[in-house]
Amino acid sequence: MGGGNAWETVIGLETHVQLRTNSKMFCGCSAAFGAAPNTNVCPVCLGLPGALPVPNEQAIRLAVRAALALNCTVHTKSVFARKNYFYPDLPKGYQISQFDQPLATDGSLVFLSPDRGVVTVSIVRLHVEEDAGKSLHDRFPKQTAVDLNRCGVPLVEIVTGPDLRSPQEARAYLLTLKQVLEYTGVSDCDMEKGSLRVDANVSVRRVGETALGTKVEVKNINSFAYVEKALTVERDRQIALREAGGTVVQQTMLYDAKENAVRPQRSKEESHDYRYFPDPDLPPLVLSTELVAEQQATLPELPARKRDRFVAQYALSQQDASVLTASRAVADYYEAVVHAGADAKAAANWVMGEVLADAKAHDDQLRASAGALAQLIGLVRGGTLSHQAAKRVFGEVADRGGDPRNVAEALGLVQVADAGVLAGWVSDVLASQPQEVARYRSGETRLLQFFVGQVMKASRGKADPKLAQRVLEEKLTA
Amino acid sequence: MSDPAEALASAKAAADRIVKAKRLNAMLTPPKELRKSLDQQAKAAHPSGVLYGMSVAVKDNICTLEFTTTCGSKILEGYRSPYEATAVAKLKAAGALVAGKTNCDEFAMGSSTEHSAYGRVLHPLDKHRVPGGSSGGSAALVAAGAVPAALGSETGGSVRQPASLCGVVGIKPTYGRVSRYGLVAFGSSLDQIGVMGRSVHDAARVLSVISGRDTRDATCEDRDPLRLPTVPESLQGFVIGIPKEYFPADLDPAVRRACERAIRLLRELGAAMREVSLPHTPYAVPTYYVIAPAEASSNLARYDGARYGPRFDGQVDVRALYRGTRGAGFGPEVRRRILVGTYVLSSGYYDAYYRKAQQMRALIAQDFRNVFDRGVDLLFTPTTPTPAFKAGERLADPVAMYLSDIFTVTANLAGLPALSLPIGRIKGLPIGGQLIGQAFLEDEMIEAAYAIERVFPAVEEA
């Protein structure tokens with residue numbers, strides 16, 4: 001496929017995000033993940049006869065917050081609607097959602113595309129709804145079990161325009177969306193726990209064409225890694241079909257991660273007509289100007305802006321600033337280290353290196369306090385600790401806490417800056433390396449660093465390397 | 001009543017009267033269970049409550065802990081709610097006793113209580129006639145003198161229409177006055193729990209107890225419970241409108257005579273009578289029969305045999321379970337309305353039916369506002385176009401059945417309070433007159449009803 005025949009992929013994403021609330025959207029049940037099946041339930045979320053929904057105000061606040069973070073127009077009046085379909089994990093026979101009057105519309109999100117650089121994707125709408133329960137098809141042989149704990153957990157659905165141009169780009173958008181939603185505290189966006197789920201609309205067209213091709217909806221994409229794979233499979237399927245002279249049929253495909261393939265949803269799994277209508281149990285959702293203003297006022301600095309500020313304020317590269325602002329917790333931690341007196345560049349290296357590695361190994365916990373890290377960086381800068389020794393101290397402080405200087409002393413890692421003591425190690429090293437000494441003296445002065453290394457080794461990291469160098473030079477030229 | 005022994009005796013007497021009225025098929029709770037529960041409730045009831053010891057029968061589409069809640073349907077046969085309706089909890093908190101569950105049209109869909117999976121209810125004065133519906137069991141028990149008051153529910157007149165046909169008082173409050181929590185939904189935007197009583201006072205004091213805010217119902221207004229008015233000396237100062245659309249040329253002459261006599265008495269009581277017009281009235285029944293089934297089709301989707309109630313054909317697959325359970329569990333009238341409702345909400349038909357009906361509903365509500373804005377306090381109309389009709393007479397013709405509600409559906413569509421009280425008899429059968437009030441001004445409506453009740457010849461031939 002080259003030149004004028006090239007295909008362009010067009011992707012729009014519908015992302016369902018669970019809101020980080022204690023209780024469910026329309027009842028007081030816990031929204032927590034992981035409880036024993038069918039324990040977080042009540043007459044309302046079970047859809048028992050006579051039970052009625054009452055909206056969760058915190059969920060509304062978080063939805064407004066998400067909408068504002070995505071630059072949406074938040075509508076002061078929106079309407080809950082019923083989406084009617086039969087399924088065993090949908091106890092009322094309808095899902096309470098929003099339809100023709102959603103909470104928010106006309107937003108945008110800027111992200112860094114791997115193909116096109118900075119891209120602005122349009123957010124067509126953001127609406128509030130309740131989650132369905134979970135059907136477990138693999139728990140009992142030939143039977144489907146239903147867990148209704150998830151039933152009624154608050155969600156927002158975020159719908160983009162057909163603005164994404166490759167599976168890679170779709171993934172990059174999603175990661176940025178996740179970052180924004182995490183930053184704002186709207187959701188934990190954990191795909192493994194199902195708190196972020198994606199459906200995609202995919203179509204292809206010849207480069208240069210302006211009309212959209214027939215779209216296919218791809219569902220059941222359960223992790224960030226699969227987003228790219230699933231969309232690639234579907235894109236390739238459509239292109240192959242078109243190249244062979246076929247036409248794409250509008251349908252819903254399910255992604256099978258095990259086979260890395262898509263298959264059409266069986267027609268009876270498909271709902272043809274949801275018969276949306278305003279939910280008569282819920283008055284229109286009217287937002288006070290105070291509520292919207294409060295969310296606007298408490299919106300944190302969003303990742304893109306923070307990254308730019310880090311570049312400007314701390315003289316970091318775009319790349320380093322991106323890494324440091326990837327999560328709000330890390331960005332806040334980095335700034336706390338700098339505010340505690342550490343050099344900005346050194347702090348960046350420490351956070352991107354030791355700190356993130358330690359966090360990765362320990363459940364994303366930032367275990368050493370920012371103050372401790374700043375102190376540690378200061379000890380290296382002041383010559384009290386070598387970089388190597390500081391890493392050991394960091395691990396120790398992360399594991400057991402404590403004051404870095406005390407820890408360093410307890411471990412015997414404080415650098416020896418006493419020329420007399422150093423002279424002993426230097427003499428030992430020079431005595432054990434007669435050939436290198438001879439070569440140095442015959443003009444191979446670059447061997448000096450080798451000798452410094454040997455002295456550091458002999459001192460088990462405690463020697464002050466600058467002083468060691470000076471003593472070495474003195475002895476070698478003597 | 002404040003003496004526990006008296007309450008116990010009263011509960012026993014109520015149970016005796018209810019059991020004695022067994023031939024009406026108005027009570028779904030078996031006698032033994034009813035006696036036992038009433039006895040227990042009387043012992044547990046708090047003597048300081050304003051309804052202490054009062055036996056109140058409850059329509060079977062209102063959730064109770066004491067008894068099953070079947071909505072007159074096979075699909076909920078044996079269903080026991082794990083929670084009780086707010087209205088029931090308020091009744092009990094006031095010391096009242098839940099005197100069993102009353103028979104009704106299945107899911108409150110009907111105007112004759114013939115559409116119950118548990119058999120039809122007989123009219124207390126003529127076993128060949130219907131008591132009206134859908135709250136026919138509640139109306140019949142009150143009319144038979146078995147209980148002083150009963151809870152019913154209204155979607156299009158299901159309290160007032162049977163009240164009219166049985167010769168008792170029936171009040172439907174303003175939409176949002178009484179919590180719907182625990183009232184099994186039929187048409188959620190129209191449904192309200194209402195009360196039937198032997199007298200205006202019996203109905204009104206029960207209504208007062210069950211009214212007021214409830215955080216479990218987002219459509220329930222944040223208001224204090226209804227305050228009962230005092231009985232007035234006259235209707236001096238009241239302006240009562242007579243909407244001409246409720247007196248069509250083909251109105252049953254006897255119903256017209258009864259109403260004209262009532263209007264004369266209202267004037268004698270000092271009320272200023274004024275003819276008014278509610279021009280969109282003719283569209284009320286068709287509007288209602290789009291909106292109510294639409295909401296019902298969605299509200300009744302949950303009865304699928306998966307979680308509660310009996311199951312039919314559940315072994316093959318989930319679709320068979322749905323088809324089998326819903327096919328066998330719902331009666332023909334419910335199935336008809338689910339089909340109608342599904343149709344009017346379908347894409348391509350929504351605008352022509354559901355949206356149009358909502359627009360018409362707004363116009364009907366505006367009609368009432370226009371009249372009330374011009375100084376009219378209350379409206380007086382017949383409650384029903386005829387007295388109790390014969391069983392089976394309208395079963396084959398749903399539209400004839402639907403027209404039984406022609407004078408009552410408007411208050412539901414507009415969300416207004418309305419009540420029916422006996423204004424006379426036609427060939428021995430009771431007929432009711434209707435007062436329609438302004439939103440949340442039940443007290444004015446009840447005040448007028450107090451005055452009317454004292455002078456109306458409720459049991460005299462019109």
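In what order do the strands of the open sheet of 10 strands in chain B stand? The model to be toured is a predicted one.

**The sheet of chain B**

Select the strands of chain B and read across the sheet: the order is E2-E1-E3-E5-E4-E9-E10-E8-E6-E7, and the pairing is mixed. At the edges stand strand E2 (97-102) and strand E7 (272-276) of chain B; each has a single partner strand, so one side of each is left without a neighbour in the sheet. On average, neighbouring strands of this sheet are turned by 30 degrees against each other, direction ignored.

Next, select residues 418-426 and 429-436 of chain B, which are strands E9 and E10. These two strands pair in the antiparallel sense over eight bridges. Within this pair, Ile426(B) has Leu429(B) of E10(B) as its bridge partner.

**Two helices across the strands**

Then show helix H4 (residues 136-143) of chain B, which lies across E1, E2, E3 and E5 of chain B. The angle between H4(B) and E3(B) is about 155 degrees.

**Helix H7 of chain B**

Move to residues 253-268 of chain B, helix H7. This helix of 16 residues reaches 22 Å from its first C-alpha to its last, close to the 22 Å expected at 1.5 Å a residue. Display the side chains of Val255(B), Ala258(B), Cys259(B), Ala262(B) and Leu266(B), which are buried. Looking down the axis of H7(B), one finds its buried residues within an arc of 95 degrees, so they line one face of the helix. The cover over these buried residues includes strands E6 (239-243), E7, E8 (378-382), E9 and E10 and helix H14 (442-455) of chain B. Turn to the other side of H7(B), where Pro253(B), Arg264(B) and Glu268(B) are exposed. Just after the helix, select Gly270(B), which takes a positive phi of about 105 degrees.

In chain A, select the open sheet of three strands, whose order is E5-E4-E15, with antiparallel pairing. Strands E5 (94-98) and E15 (277-278) of chain A are the edge strands, each pairing on one side only. Strand E4 (residues 80-84) of chain A is joined to E5(A) by five bridges, and Asn84(A) stands opposite Tyr94(A) in E5(A).

Finally, display the contact between the chains, which takes 25 residues from chain A and 34 residues from chain B. The side of chain A that touches chain B has 16 nonpolar, four polar and five charged residues.

Terms used: Residues are numbered from 1 along each chain as its sequence is written. Chains are lettered from A and ligands numbered from 1 in the order in which they are written. This is a predicted model: local features need pLDDT of at least 70, side-chain atom pairs count only at pLDDT 80 or more; totals for chains, interfaces and linings use all residues. Two strands pair if DSSP finds at least two bridges between them. Helices (H or I, at least four residues) and strands (E, at least two) are DSSP runs, numbered from the N terminus. Axes are lines fitted to C-alpha atoms, for helices over the stretch in contact, and angles run from 0 to 180 degrees between N-to-C directions. Two residues are in contact if their C-beta atoms, placed from the backbone, lie within 7 Å. Ala, Val, Leu, Ile, Met, Phe, Trp, Tyr, Cys and Pro count as nonpolar, Asp, Glu, Lys and Arg as charged, and the others, Gly among them, as polar. The expected span of a helix is 1.5 Å times one less than its number of residues. A residue is buried if 20 or more other C-beta atoms lie within 10 Å of its own, exposed if 12 or fewer, and partly exposed in between; C-beta atoms are placed from the backbone. The arc is that of the directions from the helix axis to the C-beta atoms.
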